[in-house]
Amino acid sequence: MGEFSSELAAGMRALVSPYGVVSEVLPGAPVRGLAGLSLASARVNGAPGVERPEEFGGAGRSLAGPDDAELIAVAEAAERYSGADFPGSGERWATVAELDGPVLDMTAVPRCSETEYASGHCPVVPFRAEEPIRWQGGLDMASGEAVWVPSVMARHGIRRLAPAERFWNRISTGYAVHSDPTEALLRGLCEVCERDSAALVWLQMLPLPRLGFTRPTATLSALLDHCARHFVTTHFYDATTDIGVPAVYCVQVAEYDDACRRSVGCAVGRDLTEAAEKALLEAVPARALFHRANPDSHALVMAGAQFMGRPERRHAFDFLLKQRRSRRAEDGARLPRDAGKALARVVGALAERGMRAVAVDRTTRELAAAGLTAVCVVVPGLQPLTFHRYGQYRAHPRLYSAPVAMGHPSRPEKELNPWPQPFQ
């Protein structure tokens, strides 16, 4: 059953009850023409302090059967639950100067540009070191030393924000849950790298090389065949950054679909083929959301994607679709299958570039009893991905240095992509 042992599966199912972490698990609507794909959704059962309940749920997608999809949905719901505002988190109200011991370098935390701040629509404010905010403990993933981290960066469900805490956009990037603590850390870290890649590609309009698969897996072939039978063409691009985590950016083109003419996806994996599978496994069922009159809980995330999917904006994707350079996926970046070795490689690559990765333990008693470890990984040096058009952290040095490190030209702020982020 996928990656779930019988013991772990039993522990995760114990999370589901009227009084458990997950209140219920529901099967998803089948994807027409793809009978082998199972979908499921899981609802978090009243996570404490939740101000945005639509963000506390999980989705599961699997070609291994409905049981696997349900367990994946429970795992994602548990991940969201770990970001809730639990009491007794060991946090401290303080200014930077009042903290004892190492503190996350707040000068490295991404900032919006003066243009964004002055727009009147920016969702965040500049960080002010002299103002007290909430802090909690984390661990430097390179040295193992304790580090104070702003709670707003390590707990996306944090509530009752003080004005000084609004420097950060709360989002679930960097959270991961797994039975293996090392794998949880790796997945949380790689998700931060994935969002860094997706943000860079779109904002800088990077002319990525196309990817070809000489040995596609059965899963990738089945998904591509489904898309082709429904007149959807998928274009894959190597979006691996200088950090070295294999990343694939895909653009789907549906010339006969007026609701979704263009859509994008981005995913990371141990290699580019795995990343392509993951990107497509999310993109295929997500297309159905474009045809809903009311996208419900996906409204914020889907807003940019729906806007950019309209036929009249199809040319906004030409910086990728008109690329002719190509490379074989099999020749691209790879990470070791061993979680410890892969983690060491990514942390080392970040450290070589002066970037600090910090992990915050978010494991609750309920998750520990189920055999799970929950973490949140924070990497200030990487570019955040946000869905706010006027809060994209366009003053972050990473946005301008990464393209050069990847072998591409770097655009100044005035030449960055003016269109909303289509990632969903």
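Is Cys122 buried or exposed? Cys122 is buried, with a relative accessible area of 17%. Buried means under 20% relative accessible area, exposed means over 50%, and partly exposed lies in between (1.4 Å probe, protein chains only). The model is predicted: local features need pLDDT of at least 70, side-chain atom pairs count only at pLDDT 80 or more, and totals for chains, interfaces and linings use all residues. Residues are numbered from 1 along each chain as its sequence is written, and side-chain values use heavy atoms, with hydrogens and water left out.

**Around Cys122**

- Cys122 sits in the loop between helix H3 (114-117) and strand E5. Helices (H or I, at least four residues) and strands (E, at least two) are DSSP runs, numbered from the N terminus.
- Cys122 touches Cys112, Glu116, Tyr117, Tyr390 and Gly391, leaving out residues up to four places away in sequence. Contact means heavy atoms within 4.5 Å.
- Cys122 and Ala267 are 145 residues apart in sequence. In space they are 27 Å apart, C-alpha to C-alpha.

- Strand E5 (residues 133-140) runs antiparallel to E6, and five bridges join them. Two strands pair if DSSP finds at least two bridges between them.
- Leu139 stands opposite Ala146 in E6.
- E5 and E6 form a hairpin with five residues between them. Gly144, in the turn, has a positive phi of about 85°.
- Four of the five residues of strand E6 (residues 146-150) are buried, so E6 is largely enclosed by the rest of the structure.

**The three-stranded sheet**

- Three strands form an open sheet in the order E1-E2-E3, with antiparallel pairing.
- The edge strands are E1 (22-27) and E3 (57-62), and each pairs on one side only.
- From one strand to the next, the twist averages 20°.
- Strand E2 (residues 38-44) is joined to E3 by six bridges, and the two run antiparallel. Ser41 has Ala59 of E3 as its bridge partner.
- Helix H2 (residues 66-82) lies across E1, E2 and E3. H2 runs at about 150° to E3. Axes are lines fitted to C-alpha atoms, for helices over the stretch in contact, and angles run from 0 to 180 degrees between N-to-C directions.

**Strands E10 and E11**

- Strand E10 (residues 247-253) pairs with E11 in the antiparallel sense, over seven bridges.
- Ala247 has Val268 of E11 as its bridge partner.
- Strand E11 (residues 262-268) is mostly covered: seven of its seven residues are buried.
- In a regular strand the side chains alternate between the two faces of the sheet.
- Arg262, Val264, Cys266 and Val268 point one way from E11. Ser263, Gly265 and Ala267 point the other way, and all are buried.

**Where H5 meets H12**

- Helix H5 (residues 181-204) and helix H12 (residues 398-405) pack at an angle of about 90°, with their axes 10 Å apart.
- H5 and H12 are therefore roughly perpendicular to each other. Angles under 35 degrees count as roughly parallel, over 145 as roughly antiparallel, 65 to 115 as roughly perpendicular and the rest as oblique.
- H5 brings Asp196, Leu200, Leu203 and Gln204 to the contact, and H12 brings Arg398, Leu399, Tyr400, Ala402 and Pro403.
- These contact residues divide into six nonpolar, one polar and two charged. Ala, Val, Leu, Ile, Met, Phe, Trp, Tyr, Cys and Pro count as nonpolar, Asp, Glu, Lys and Arg as charged, and the others, Gly among them, as polar.
- In H12, Arg398, Leu399, Ala402 and Pro403 are buried. Seen down the axis of H12, its buried residues fall within an arc of 125°, so they line one face of the helix. The arc is that of the directions from the helix axis to the C-beta atoms.
- The buried residues of H12 pack against H5.

**Ser197 in H5**

- Ser197 lies in helix H5. Ser197 is buried, with a relative accessible area of 1%.
- Ser197 is in contact with Ala239, Thr241, Ala247 and Cys266, leaving aside its neighbours within four places in sequence.

**After H12**

- Gly407 follows H12 and has a positive phi, near 90°.
- Gln424 is in the segment after H12. At 17% relative accessibility, Gln424 counts as buried.
- Gln424 and Gly304 are 120 residues apart in sequence, yet 8.1 Å apart in space, C-alpha to C-alpha.
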